[in-house]
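Open the model in your viewer and keep the selection tool at hand. We will go from the whole chain to single residues, one stop at a time.

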Amino acid sequence: MSKLEKAKGFKKSKPGTYLSIGTTAFGAISVYKQAKKARGEQDTLQLIDAVVSAAAIVTGVALLVRELRRMNSDDVLAD
């Protein structure tokens, strides 16, 4: 098995999914800082960007959690 195949396998594994959740959630720190700065400078456009970025982070984490639930499910038909 090549290194590339191993890397693809890790990405689809439980530890890989947990790592993805962690790195995605870690991005929330920079979004928080961006929002705080935008509020301080009263920059509406930058604040909107931070809100949209936060929504993307929340959606990404939700998708990864759903993937974990599917991995843990014994029933093939369960969502």
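Helices (H or I, at least four residues) and strands (E, at least two) are DSSP runs, numbered from the N terminus. For a helix, the expected span is 1.5 Å times one less than its number of residues.

This is a predicted model, where local features need pLDDT of at least 70, side-chain atom pairs count only at pLDDT 80 or more, and totals for chains, interfaces and linings use all residues. Residues are numbered from 1 along each chain as its sequence is written, and side-chain values use heavy atoms, with hydrogens and water left out.

**Stop 1: the whole chain**

Show the chain as a cartoon. There are three helices and zero strands. Along the sequence, the pattern reads α-α-α.

Now colour by pLDDT, the predictor's confidence in each residue, from 0 to 100. The chain averages 84, and 78% of the residues score at least 70. Where is confidence lowest, and where is it highest? Helix H1 (residues 3-11) has the lowest mean, 58. H3 has the highest, 94.

Switch to a surface. The chain exposes about 6300 Å² (Shrake-Rupley method, 1.4 Å probe; for residues, only the protein chains shown count as cover). Carbon and sulfur atoms supply 63% of that area.

How much of the chain is buried? Buried means under 20% relative accessible area, exposed means over 50%, and partly exposed is in between (1.4 Å probe, protein chains only). Buried residues make up 14% of the 79 residues.

Contact means heavy atoms within 4.5 Å. Take the contacts with a separation of 6 or more: 57% of them join residues 24 or more positions apart.

**Stop 2: helix H2**

Select residues 14-41, which form H2. This helix has 28 residues. From first C-alpha to last, H2 reaches 41 Å, close to the 40 Å expected at 1.5 Å a residue.

Look at the start of H2. Ser 13 caps this N-terminal end. A side-chain oxygen of Ser 13 lies 3.2 Å from the backbone nitrogen of Gly 16.

Next, select Thr 17, in H2. Thr 17 is buried, with a relative accessible area of 3%. The side chain of Thr 17 reaches the backbone oxygen of Ser 13 at 2.8 Å.

Colour the buried residues of H2: Gly 16, Thr 17, Ile 21, Val 31, Gln 34, Ala 35 and Ala 38.

Then pick Ala 28, also in H2. Is Ala 28 buried or partly exposed? Ala 28 counts as partly exposed, because its relative accessible area is 34%. Draw a distance from the C-alpha of Ala 28 to that of Ala 54: the two atoms are 6.7 Å apart, though 26 residues separate them along the chain.

**Stop 3: the loop**

Move to Gln 42, in the loop between helix H2 (14-41) and helix H3 (44-72). Gln 42 is exposed, at 70% relative accessibility. Check its backbone angle: phi is positive, about 55°, although Gln 42 is not a glycine. Most residues other than glycine have a negative phi.

**Stop 4: helix H3**

Select residues 44-72 for H3. H3 has 29 residues and reaches 42 Å from its first C-alpha to its last, close to the 42 Å expected at 1.5 Å a residue.

Which residue caps the N-terminal end of H3? Asp 43 does: a side-chain oxygen lies 3.3 Å from the backbone nitrogen of Leu 45.

Colour Ala 50, Ile 57, Leu 64 and Leu 68, which are buried in H3. The buried residues of H3 pack against H2.

At 46% relative accessibility, Ile 48 is partly exposed. Between Ile 48 and Ala 38, the C-alpha distance is 9.0 Å, with the two 10 residues apart in sequence.

**Stop 5**

Finish with a pair. Select Gln 34, in H2, and Asp 49, in H3. Asp 49 is partly exposed, with a relative accessible area of 40%, whereas Gln 34 is among the buried residues of H2. Their C-alpha atoms are 8.7 Å apart.

Show the side chains. A polar contact of 2.7 Å joins them. Such a contact is a pair of N or O atoms within 3.5 Å; within protein, one must be able to donate a hydrogen and the other to accept it, and residues adjacent in sequence count only if both atoms are side-chain atoms.

Which residues does Gln 34 touch, not counting those up to four places away in sequence? They are Gln 46, Asp 49 and Ala 50.
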